[in-house]
Amino acid sequence: MTQTEAKGAGGKIGNPPDCKTKGKCPCDSFERCRKRRPYGSDVWGSKKKKEQAMGLIAFDGGSKITDPDRLNKMLRELMDRNQQRAAEGTKFNRFFGNVYSATGTYNSALVLPGTTDLEITAHMEQLKAALHNVAVFTDFQKSMIIRANLVRNGLKLKSDIYEGETFDSKNLVPYPFAEGHMNEMWAIDHVQIKAKGGCNRFCNAGVLQFGVNSSKGDDGPGCPCVTALREKDPNLKPFDPHPKEGGYFLFVCVTYNRNQKEGEPPKELPGICGPEKSCNLDDPRMCRRAHAPIVTINKK
């Protein structure tokens, strides 16, 4: 499919009628990415589950913590520590943290203070400016993702199942890690690899074991809006080199570009991730759908 034929599709994601591509149409990658819903929409879209997800949650890796006295004690420890760090001018995470767990298998417990719809909406609005391709997930996003995972799994943290991959669901341990269990701690994964243009929207998130996530590296699918190459290609237009993951340059693929004029450098990544698209925010509270295995395209 040429650039002219792609433009003839009128910006639609589905296969255009004039697509002459042999085999699998490249539009299928856009369609598959578009169908992924914001992570946790099955939890945040349910009134009952959302109330539980917004409440005070603590997890020690061995079993769920539901005792109110223990929960409140952990919360006080976390808030006292954060207050001390704020007074010292030291950075701290306001969305979650680790405190010592008096019981359970591990030395630390993950604590997520209670929140409200108003607070979440305010942070969602702040997040708009931080949603980019080749970007990390923010602490706020991680808290929303982990809350959904915990509620979905009966207040136990489990890794997600990826369709077409070998990642099975496994129990996870508190963050950052318990001594001797680093590979089993939780990590937020970019389904479309960050170093290859994957964005930090909720629809591109998954929960994996730290060891599995680290072993993936950049061996996996990139964002369908861009192509990551080690060598320049005259048929591809350069975007920006990845600032931290050395070795790759990101290119806008002319074949997939529906918005860019011939010879014009891209102002925004084309395809599904434009600022006018609803996925610019993809609030998981706004989209309810039953949880299913995370779909990835085949590795290349």
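Begin by colouring the chain by pLDDT, the predictor's confidence in each residue, from 0 to 100: confidence is lowest in helix α1 (residues 3–7), at a mean of 41, and highest in α7, at 96. This is a predicted model, in which local features need pLDDT of at least 70 and side-chain atom pairs count only at pLDDT 80 or more, while totals for chains, interfaces and linings use all residues. Residues are numbered from 1 along each chain as its sequence is written, and side-chain values use heavy atoms, with hydrogens and water left out.

Stay with the whole chain for a moment. The average pLDDT is 78, and 69% of the residues score at least 70. The chain holds 8 helices and 10 strands, where helices (H or I, at least four residues) and strands (E, at least two) are DSSP runs numbered from the N terminus. Of the 300 residues, 49% are buried, a word that here means under 20% relative accessible area, with exposed being over 50% and partly exposed in between (1.4 Å probe, protein chains only).

Next, select residues 1–18, where pLDDT stays under 50, and then residues 254–260, where pLDDT also stays under 50. Where pLDDT is low, the predicted coordinates should not be read in detail.

Is α7 mostly covered or mostly uncovered? It is mostly covered, since 13 of its 14 residues are buried.

Centre the view on F140, which, leaving aside neighbours within four places in sequence, is in contact (heavy atoms within 4.5 Å) with F95, I120, H123, M124, L127 and F202.

Finish at K35, found in helix α2 (residues 27–35), which counts as partly exposed because its relative accessibility is 48%. Select V295 as well: K35 and V295 are 260 residues apart in sequence, yet 9.3 Å apart in space, C-alpha to C-alpha.
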